[in-house]
Structures are given as structure tokens and as C-alpha cells.
Amino acid sequence: MQLSPLEIIRRESLQKLRELGINPYPAEEFKTTAHINDILSNFDKYEGKEVVLAGRMMSRRIMGKASFAELKDASGRMQIYISRDEISSEEDPTMYNTVFKKLLDMGDIIGIRGDVFRTKVGEVSVNVKELTVLSKSLRPLPVVKTDADGKIHDAFADAEQRYRRRYVDLIVNDHVKETFIKRTKITNAMRNFFNERGYLEVETPILQPIPGGAAARPFMTHHNALDMPLYLRIANELYLKRLIVGGFDAVYEFAKDFRNEGMDRTHNPEFTVMELYVAYKDYNWMMNMTEELLEKVCTETNGTTEVLIGENKVSFKAPYARVPILEAIKIHTGFDVAGMKEDALRDVCKKVGIEVDETMGIGKMIDELFGEKCEHHYIQPTFITDYPKEMSPLTKEHRTNPDLTERFELMVNGKELANAYSELNDPIDQRERFEDQLKLSEKGDDEAMFIDQDFIRALEYGMPPTSGIGIGIDRLVMFMTNNASIQEVLFFPQMKPEKKAPSVELNDDEKALLKLIETKSPIALNDLKTESGLSNKKWDKCLKHLTKNNLAKVNNTDDGLFVEKV
RNA sequence: GACCUGGUAGCUCAGUUGGUAGAGCACCUCCCUUUUAAGGAGGUGGUCCUGGGUUCGAGCCCCAGCCCGGUCACCA
């Protein structure tokens, strides 16, 4: 392994700590008595009191026999003051002069015991009396500094590095941690909301023999013992509805779903959806619940019902506008497509500049029309309702119009945040809808749904009228934290594999040159160059590559330069 | 997948018709007991993304590729 000079120094320090009898990775519990944020916000309570803290040393200012350092624990950062004669003595200054000043580095995890005080310039600090090494850091951290004006210098900002090394991102970029704390607040708020109503949180299979409940391309895997294909779920809908058949009044699940589709700043191959199903309700009830839920989530995480999303100020205060999808299309394209046949609809699509092909059915085209021409207009939370039947195979037919379904999507900031319906519970209708999907699939739509026979069997036993909803959690977190990229709200977004570390692989020219060196060693450099027959540049590169990897050596002697094998 | 932009020290970035690879921070050595992004002095550190090509000479020009980002396409 190739170590940088900075890493070599740290490894040497590690060794010296051991030689001084200090275990750089001690096993014992380190009992702390306070958290940094608590000290900072309750200084009066802590002033003059002794505290024990543990955390990572984020900066160090050494000034002779005294130093200041910044300690960061899970709650925040504060300054600590370390003087030679407190943690060691004039007679034996090892702990200060050697351990603290020489062998410790930024990024090391330490424990301190000392008194809380305020410095002359007013900074709350801890006067350290005892210092314990808890974990030596062998890699240097990026040094991010914030000046008096709050301006950040040398930010660790490269998105790729930040996502690949999220642990570093979390250490040095405090605002990143805030995003993820908020994410958990959001899901906790939702759980509390549901649990207070007696809804049951459940878990259903991720590995599914039939990937149902959504139109998407699945990931496929294989079970060896059963020798059968299995799919990673694209949705959990059909399983949750089986549980409603089984007699639960309301079940919900925070589900990781997996879709084998494109990746961009709003799509990750795995993502989180909260799905909820409530018996004896319809989609009107669900709209009311959704408004109430999101208003509460927003208030609990941001302290207000208004959030800034990019340029837009968005209010999650209930109620939200409700617009039928065909109405939306009429408003934004001027075409009334209600009741249109497939051919007529295809003409409309062409007129407004949407590319269509023969595999696209009515549902797909309406979806395109809305997605292309309408979706981005809905900045404030808006329920788009009553989708055509063809694009909603799991949804109950609309009570007043058999061409439509009782379905809504919630649009926020021009994006879909939630999808819900009065669930189809007529097993015969459901079978027909699945068969229609099969026809689409035969037409070439590779996202059309499979027929789930067991799900139909479940419906045949009878499912109460039920309303269900799926809320995209990653998207919700993006909205609530004002992040434009899904990668910012996932701890570990999917990334292409890292480039392999360069291995010592020789190309043909280098192999030939090495062979020449091995047979003629030692040989005058200029003779070797002539014999190799390589161009100037190639010669230089090849020889440097060999010497760098310690396969050949150039000796500078009184008689000139000679190349030797190693 | 297409196009655009970029890839230089651990981090943030300069780099002149193509002529000895730079700065700040970090790191190392020395001096300094309550400092405020950065105290002072000196020093170490580089496959300039990779591979070809042009050239006496390439971080820079040409070709091919890789990777990040962006726009579009794909994607309820």
C-alpha cells in the first residue's frame, strides 16, 4: 500500500504512543458527564464545574506551553484549553510536549477532564486537566474553517468525494449532519402520527417472486436452494393489501423499494416509500389525512408550515387544491381529452409535441401529457385527481365516471410526492385489469404489471373498501431540507465503482524493456535506450514506470548512468 | 445513451504563443501561557485523470478512453 507522507507520520506517531505505554485504541469504557451543546447553551450551570467530554479534535493552535484545540462531539463543537502544567508538569512534560504537541493530530479522538470557563475573549472553553487518547486517526481530514463572518474556507465540497466518503462529509460539514437528523425527525413524526391513530407498522417481503404493485423494471436475483428467480420489490402494495384482507384496519410500512431504471439527481436505484392502507376509507378521506400529516411533519421538523424549496416558498398548511387530471390537461394544453379514443389522443400528443409510439396506450399518453405539460406548474401542494382507468390497474373505478379511477397524486414543487387511491377490491375487475396489463406487456411495455394470482385469490376472500397511499420519503426529505439532489438526503447514494488503485501492470513496451534490463544488467543508460528502439517519450515513460515500481534502478556512477535490475 | 463543462499537492485553487510545476491552508523543524478562519521563521510534499500522437521540448496542442458535475433522453 502506498502511503502519503502525512499518513506515514501518523503511523510513526502511533508507534511512538505505544512505546510510551499509551494504547492508541483502548478498550475501556470512557464515561463522559456532559455534551458540548449543553455546556454552550447552559454555561451558567456549568461554569467552574468539572466535566468529562469525548470527541474528535478538529483543530489545534499551539502557543508554547499552552494550546487551544477544538473538540467535536455528536452534539457540537467547543474550544478546549490545554496547558503543559495542567496535563503534565515542568519536571515531566511528556504528556504535553510529546503526546499532545507531537503525537496527536487533528482528527484524533480524545477524552478530556477539566473545568468549564470563559476565556478573556469570551469563548466558552474547558481547561483540561487530564487527556486520554481514545482513538488515533491515521488519515488526515480536510481542514474546513469558518471565519468570523461565517465564511467557509477550503470547504470539502467535491460531490463525488463527499458521497463516497460520507463519514468524512459528516465529520467536516456540520450542515450535512443536520439534513440527516431532519430526515429521522420526519419519519419519526410520521410514525407518531400513525401510531397515535392505532395504525400498525409492519414488515413485508423485499424478495418477491412477482414484483407487483407498481409499473417499473425490477432487479432480478436468484434463490439457489429453490432454484427460482426472485425480484427485489418495486413496491409493497400487494402485500399490505393482503394484510387488510387478513383483518387489520390499518397497516403501514417504511419500505425500501428497488427499481432498475435511470439514475439522476432525483432517482436512486433504491429509495424509501411509506405506504399506508386504511380499511373502510376512500381517497377523499386520504386527501384529508395527507394534508393533516404533511402539515404536522413540516411543523415538527421546521417549526413552521412554510419551507423554501429552491426559489419557491411552499406552504404545507392544509387544505391543498384538488384538480382532476383531465382538467389540468385542459388548462395547460387547451385540449379536452376526456373520453378520447386512442387515435385521437395520439393526435393531441403530436400536436403538443410529445413523441408517441404504438406501444403507448391511453393511460401512458395521458400520463405523458400531464408529465410534460402540467406537472411542473404545481408548485404549491396540489392533489391531482381522477386518473384514467388504463394507467391505474389497482384503483377502484370512479363512482361517477367509469373511464376514470378514484386516484390522486400529490404534486409539490412540480414533482410527484405521493400517490393514493381508493383500492380496487373487486377481484373479477382486478383480474381483468391485470389481463389488460398483460396485453400492454405483449405490446412491448416492459413496465406493465405481472398477474399476481395469489393477490387475486386474497381479494376473492374479500377486502374491505380501503384507501392506500405511498409517499416518497426521499423526495419529502428533499423538500423539507431544501436539497435539489436525492444524493444529499441518502447517507450512501449508489455510485459507480471507484477506479481501481493503479496496480503494477506492465505494458508490452515495459515488459520488453524489463527483459532487456534483466539480461544485460548493468547496462549504460544510453546503450539501453538505443537497444530498446523506443521513442524518446516512450523510453522515458517506460523506464520511469519500472524504476517507480522498484523493478529497475538507475545508478549514477563516475562512469555515467547505468541501469540495473533489482 | 447524446451534448456541454471540468479533472493540477491531504483540502481549496492558480498556472502566461508550448520552455525548470505554483499559492493558501494542512504537514515537518524551531520560537511563543487565555488565542479567534490565518502568530513568526524555515522546510517537506506532485502517476498535472489514463493511453497514444505532434514537437528538440506537452499541465497546456491533437486523437481515443475513464471519471465527477450539468442539460437532455430514459424513468407514473
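With which residue does D429 form a salt bridge? In this predicted model, the partner of D429 is R433, and the closest N and O atoms of the pair lie 3.1 Å apart. Both residues sit in helix α14, which spans residues 427–443, and because they are four residues apart there, about one helical turn separates them. D429 has a relative accessible area of 14%, so this residue falls under the 20% limit and is buried. R433 is buried as well, with a relative accessible area of 5%.

This pair belongs to a wider set of charged contacts. Side chains of opposite charge can pair when their charged atoms come close. The structure holds 38 salt bridges. One of them joins the side chains of K129 and D115, with an N to O distance of 2.6 Å. K129 is part of strand β5 (residues 124–135) and D115 is part of strand β4 (residues 109–118), so the contact ties together parts of the chain that are 14 residues apart in sequence. K129 has a relative accessibility of 28% and counts as partly exposed; D115, at 22%, also counts as partly exposed.

A further bridge brings together the side chains of D257 and R233, at 3.4 Å from N to O. Here D257 comes from strand β12 (residues 250–258), whereas R233 comes from the loop between β11 (228–232) and α9 (237–245), so the bridge links parts 24 residues apart in sequence. Both D257 and R233 are buried. Salt bridges also form a network, in which E70, K72, R77 and D174 are linked.

Attention can now turn to the empty space inside the model. Rolling a probe the size of a water molecule over the atoms shows where empty space is left. Two cavities of 30 Å³ or more are counted. The largest has a volume of about 40 Å³, and its lining consists of M58, R77, M106, P142, V143, V144 and V172. By class, six of these lining residues are nonpolar, none is polar and one is charged.

Definitions and conventions. Residues numbered from 1 in each chain as written. Chains lettered and ligands numbered in written order. Predicted model: local features only at pLDDT ≥ 70, side-chain atom pairs only at ≥ 80, totals over all residues. Heavy atoms only, no water. 1 Å grid on protein atoms, 1.4 Å probe; cavity = no way out; pocket = protein on both sides within 12 Å on 5 of 7 lines; lining within 4 Å. Points joined across faces, edges and corners; volume = space filled by probe spheres on them. Nonpolar A, V, L, I, M, F, W, Y, C, P; charged D, E, K, R; others polar. Salt bridge = Lys/Arg side-chain N within 4 Å of Asp/Glu carboxyl O. Helix = DSSP H or I, 4+ residues; strand = E, 2+ residues; numbered from the N terminus. Buried < 20%, exposed > 50% of the residue type's maximum accessible area, 1.4 Å probe, protein only.
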